[in-house]
Amino acid sequence: PAGALAFHHRWLRTLRNNAAAPIEDYSYAIMAARQNRFDFPSANKSAISSTYSYAYHFDASLYAAFLRSFAEERGVRRTEGKVKDVELDGESGNVVSLTLESGEVVEGDFFIDCSGFRSILLGGKLGADWEDWTQWLPCDRAFAVPSERTGDLTPYTRSTARQAGWQWRIPLQHRTGNGIVYCSQFLEKDAALERLQGNIEGDTLTQPNFLRFVARARRQQWVRNCIAVGLSGGSMEPLESTAIHLIQGAVLRLIRMLPLREISERDIAEFNDQQLTDMLQIRDFLILHYKATDRRDSPFWRQCADMPIPDSLVQKIELFRETGRVFRRNEELFAENSWVQVMMGQGIMPQAYHPIATKLSDAELTKLLATIRDNVARTVAGLPDHPAYVARYCGASSASAA
């Protein structure tokens, strides 16, 4: 970007003059990924190597075990057991205690419901309702299975569209994570598993894990003295790997709004508004992946292309189509360039660009873009090979390390 102007506006103007290369040639991250190279972004904000962000591929089960030990070492007490009953205060309606199948009673002032889809407290006892989103996000089943690592250790997740959903491939040092997400209305369970197994590199290491889910959210994720975190508050498919972000977001909001004594209804309202806004924005971004498609080769993709979409997403798409503009609201997870890459990548091209893009002459703008492109290519060529970088920075010490 330059000043208040996103890069794609200048690229669009140059494209009209037939003087622009493909837009990915100007992306440091894309070019590094294509050449299987990686380094952390530069701290020098004027350098081309500072113009991207990154995330980690890690073994989630190992990470969970690490967090457990980290918490217990600092005084958290873990009680194993299955909840048999939930007692509410007859006057306030607050959760008072949990009774486990062992007979043990666990009392508390405040409760966090992390019981997954069952939502034992918030849904089961306090009656918080779901808002269903399956009319826009119809995928509701998945298989996941690890396989032996083969080939290059690529620095990216691969998401591949399939007949009734999509397939993921996530490389780790000691294995590769694989899965297929699909809509059970259009694909049988056995057929989905067969297609996954037919598109895996290397031998599988375990039996496939079958998952059911529904795209939905609770409008109220804080009720009385109970907050839902994770799947108990809502769920969306893993296309953009947002589950951990939503958990972290809920935890941070709880920390900011943690009651001292009495619970404030204003805190509850603010928490619920922020959490649902987060989920609605993620929902729209996921819907975009399915709606913005020219694919018509299966009933699933025809339904996705023809389905009505929320007004909030219509506004986002049509604003970009008419003006090239994208606005990030309320600290939403996905930045402007995330929306741009999905819309342009799936064929939604702006009909106009920002007038600031006309401030340079054709020759000046062509030269500027050529300089950026050359800078990207030259800098990427000097990056370390990704597998070598990982081995040096965080090499696995054993077959079980991530």
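Is Glu332 buried or exposed? I started my notebook with this residue, and I found Glu332 buried, at 2% relative accessibility. A reminder to myself and to you: this is a predicted model.

**Entry 1: the partner of Glu332**

I looked for what Glu332 meets and found a salt bridge with Lys316, with 3.2 Å between the closest N and O atoms. This pair links distant parts of the chain, since Glu332 sits in the loop between α9 and α10 while Lys316 belongs to helix α9, 16 residues apart. I checked Lys316 as well: its relative accessible area is 16%, so it counts as buried.

**Entry 2: other salt bridges**

How many salt bridges does a search of the whole structure find? I noted 16.

One of them joins the side chains of Glu24 and Arg34, at 3.5 Å from N to O. Glu24 is in the loop between α1 and α2 and Arg34 is in helix α2, so this pair ties together parts 10 residues apart in sequence. For cover, I wrote down that Glu24 is partly exposed at 23% relative accessibility, whereas Arg34 is exposed at 55%.

Next I turned to Arg253 and Asp278, whose closest N and O atoms are 3.3 Å apart in a salt bridge. Here too the pair links distant parts of the chain: Arg253 is in helix α6 (residues 243-256) and Asp278 in helix α7, 25 residues apart. I found both Arg253 and Asp278 buried.

I also came across a network of salt bridges that links Arg158, Arg169 and Glu201.

**Entry 3: helix α1 and what follows**

How many residues of α1 are buried? I read off 7 of its 10, so I call this helix mostly covered, with buried meaning under 20% relative accessible area. They are His8, His9, Arg10, Trp11, Leu12, Arg13 and Thr14. When I asked what they pack against, I found α9 (311-323), α10 (336-345) and α11 (362-381).

Just after α1, I noticed Asn18 with a positive phi of about 60°. Most residues other than glycine have a negative phi. Asn18 lies in the loop between α1 (7-16) and α2 (28-34), and it is exposed, with a relative accessible area of 73%.

I placed Asn36 in the loop between α2 and α3 (60-72). At 11% relative accessibility, Asn36 is buried.

**Entry 4: a charged patch**

On the surface I found a patch of negative charge, where Asp85, Glu87, Asp89, Glu91 and Glu107 gather. I looked up Asp85 and found it in strand β1 (residues 83-88), partly exposed at 42% relative accessibility.

Where is Gly93? I found it in the loop between β1 and β2 (95-100), and it is buried, at 11% relative accessibility. Leaving aside residues up to four places away in sequence, Gly93 touches Leu88, Leu126 and Arg224. I also looked up Gly93 with Pro299: they are 206 residues apart in sequence and 47 Å apart in space, C-alpha to C-alpha.

My last stop was Asp284, in helix α7 (residues 265-291). Asp284 is buried, with a relative accessible area of 7%. Which residues does Asp284 touch, not counting those up to four places away in sequence? I listed Pro310, Ser312, Leu313 and Trp339.

Note on methods. Residues are numbered from 1 along each chain as its sequence is written. This is a predicted model: local features need pLDDT of at least 70, side-chain atom pairs count only at pLDDT 80 or more; totals for chains, interfaces and linings use all residues. Side-chain values use heavy atoms; hydrogens and water are left out. Patches are made of residues with over 30% relative accessible area and no salt bridge: like charges are joined within 9 Å, nonpolar side chains (Val, Leu, Ile, Met, Phe, Trp, Tyr) within 5 Å. Accessible areas come from the Shrake-Rupley method with a 1.4 Å probe; for residues, only the protein chains shown count as cover. A salt bridge is a side-chain nitrogen of Lys or Arg within 4 Å of a carboxyl oxygen of Asp or Glu. Lys and Arg count as positive and Asp and Glu as negative; His and the chain ends are not counted. The place of a charge is taken as NZ of Lys, CZ of Arg, CG of Asp or CD of Glu. Helices (H or I, at least four residues) and strands (E, at least two) are DSSP runs, numbered from the N terminus. Buried means under 20% relative accessible area, exposed over 50%, partly exposed in between (1.4 Å probe, protein chains only). Contact means heavy atoms within 4.5 Å.
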